[in-house]
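Subject: Structure handover

Hello,

Here is the structure for your files, with notes on what was found in it below. Please read the notes with the model open.

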Amino acid sequence: MKLKEYRKKRDFRLSPEPPGQQDAPAEKKAPLIFVVQKHRASQLHYDFRLEWKGTLLSWAVPKGPSLDPVVKRLAMKVEDHPIEYATFEGVIPKGEYGGGTVMVWDSGTWRPDHEDVDASLRRGELKFMLLGKKLRGSWVLIRTRGYGSASDRSWLLIKHRDAYATTEDITTKAPRSVATNRLLAEIARDEGGDEDQAATGDPVRKATKRIREKKTLSRPRRGRTQEA
Ligand code: MN
């Protein structure tokens, strides 16, 4: 059972995460979906998930994806997630597995370069195209030699050189949810989570504050003009 590890780690009476269907849906033809969930848990990371055979193959990317082909981002292979997880955005209660705030940071469809994805995974090199709102074009996941117990779980996520490659930092340039346009702090606030903890994952905190101050200062002082 592909979701056994996923279910074992979670208590669905306490967490709003989906348990997934008992039997994974039948294998379907393209398009396959992908999702990247920004997750402010004990450590901030981005969960990179690719639909395959009815579940979501998953990697945790601590620094998030980079559109710069010279940047290799560590991606730790984690347990498969149910397909329903792709739309999950909200708060996992404190103390539960992965407790913290989850954002749907990017979503869209993906296509493997080679049909036999299982063979690519065994070989440790998965090349694919992404058609998302933030991530597009050609990418590769390459298994690498990690350390100790993580040795068989360490992969690198790398952007291939193409029209979508850029040195611009997409994680700071586009920090909001593609589903609800919210920042992590706004999701936490709306869903009863820890807003301050979530905010530490948002890169535009100071900028937002500055804009707010500027608006206050430039507000037309209509009342005073009329009095004068
Ligand atoms: Mn996670």
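**Lys53 and the E2–E3 loop**

Lys53 counts as partly exposed because its relative accessible area is 35%; buried means under 20% relative accessible area, exposed over 50%, and partly exposed in between (1.4 Å probe, protein chains only). Lys53 sits in the loop between E2 and E3. Helices (H or I, at least four residues) and strands (E, at least two) are DSSP runs, numbered from the N terminus. Although Lys53 is not a glycine, its phi is positive, at about 55 degrees. Asn181, also a residue other than glycine, has a positive phi near 65 degrees. Asn181 is found in the loop between helix H3 (170-173) and helix H4 (184-190).

**How to read the model**

This is a predicted model, with residues numbered from 1 along each chain as its sequence is written. Local features need pLDDT of at least 70 and side-chain atom pairs count only at pLDDT 80 or more, while totals for chains, interfaces and linings use all residues; side-chain values use heavy atoms, with hydrogens and water left out.

**The chain overall**

The protein chain has 7 helices and 9 strands. Of its 228 residues, 45% are buried. Contact means heavy atoms within 4.5 Å. Among contacts in the chain with a separation of 6 or more, 57% are between residues 24 or more positions apart.

**The manganese ion**

Which residues are the protein donors of the manganese ion? They are His39 (ND1), His45 (NE2) and Asp47 (OD), at 2.1 to 2.3 Å from the ion. Donors are N, O and S atoms within 2.8 Å of the metal (3.2 Å for Na, K and Ca); water is not among the atoms, so sites may look incomplete. Along the chain the donors have the spacing H-x5-H-x1-D. Both His39 and Asp47 are buried.

**The largest pocket**

The three donors of the manganese ion, His39, His45 and Asp47, turn up again here: together with Ala60 and Tyr97 they lie nearest the centre of the largest pocket, which has 24 lining residues. The elements giving two or more residues to this lining are E2, strand E3 (55-61) and strand E4 (72-82). The space in the pocket is about 420 Å³. By class, the lining has 10 nonpolar, 7 polar and 7 charged residues.

For the terms: on a 1 Å grid over the protein atoms alone, a pocket is an open set of points with protein on both sides within 12 Å along at least five of seven lines, and lining residues have an atom within 4 Å of a point. A volume is the space filled by probe spheres set on the points, which are joined across faces, edges and corners. Ala, Val, Leu, Ile, Met, Phe, Trp, Tyr, Cys and Pro count as nonpolar, Asp, Glu, Lys and Arg as charged, and the others, Gly among them, as polar.

**The nonpolar cores**

A nonpolar core is a set of buried Ala, Val, Leu, Ile, Met, Phe, Trp, Tyr and Cys residues joined through side-chain atoms within 4.5 Å. The largest one has 31 residues, and Phe48, Trp59, Leu135 and Leu141 have the most contacts inside it. Strand E2 (residues 44-52) gives the most to this core, with 4 residues. Apart from this core lies another, of 11 residues, including Leu3, Tyr6, Tyr85 and Phe88.

Not counting residues up to four places away in sequence, Leu141 touches a set that includes Phe48, Leu50, Trp59 and Trp155. Leu50 is in strand E2 and counts as buried because its relative accessibility is 0%.

Leu67 is in the loop between E3 and E4. Is Leu67 buried or exposed? At 7% relative accessibility, Leu67 is buried. Leaving aside neighbours within four places in sequence, its contacts include Leu135, Trp139, Tyr164 and Ile170. Leu67 and Ile170 are 103 residues apart in sequence, yet 7.0 Å apart C-alpha to C-alpha.

Arg161 lies in the loop between strand E9 (154-159) and H3. Arg161 counts as exposed because its relative accessibility is 66%.

Regards

Note on methods
On a 1 Å grid over the protein atoms alone, a cavity is a set of points where a 1.4 Å probe fits but cannot get out, and a pocket is an open set with protein on both sides within 12 Å along at least five of seven lines; lining residues have an atom within 4 Å of a point.
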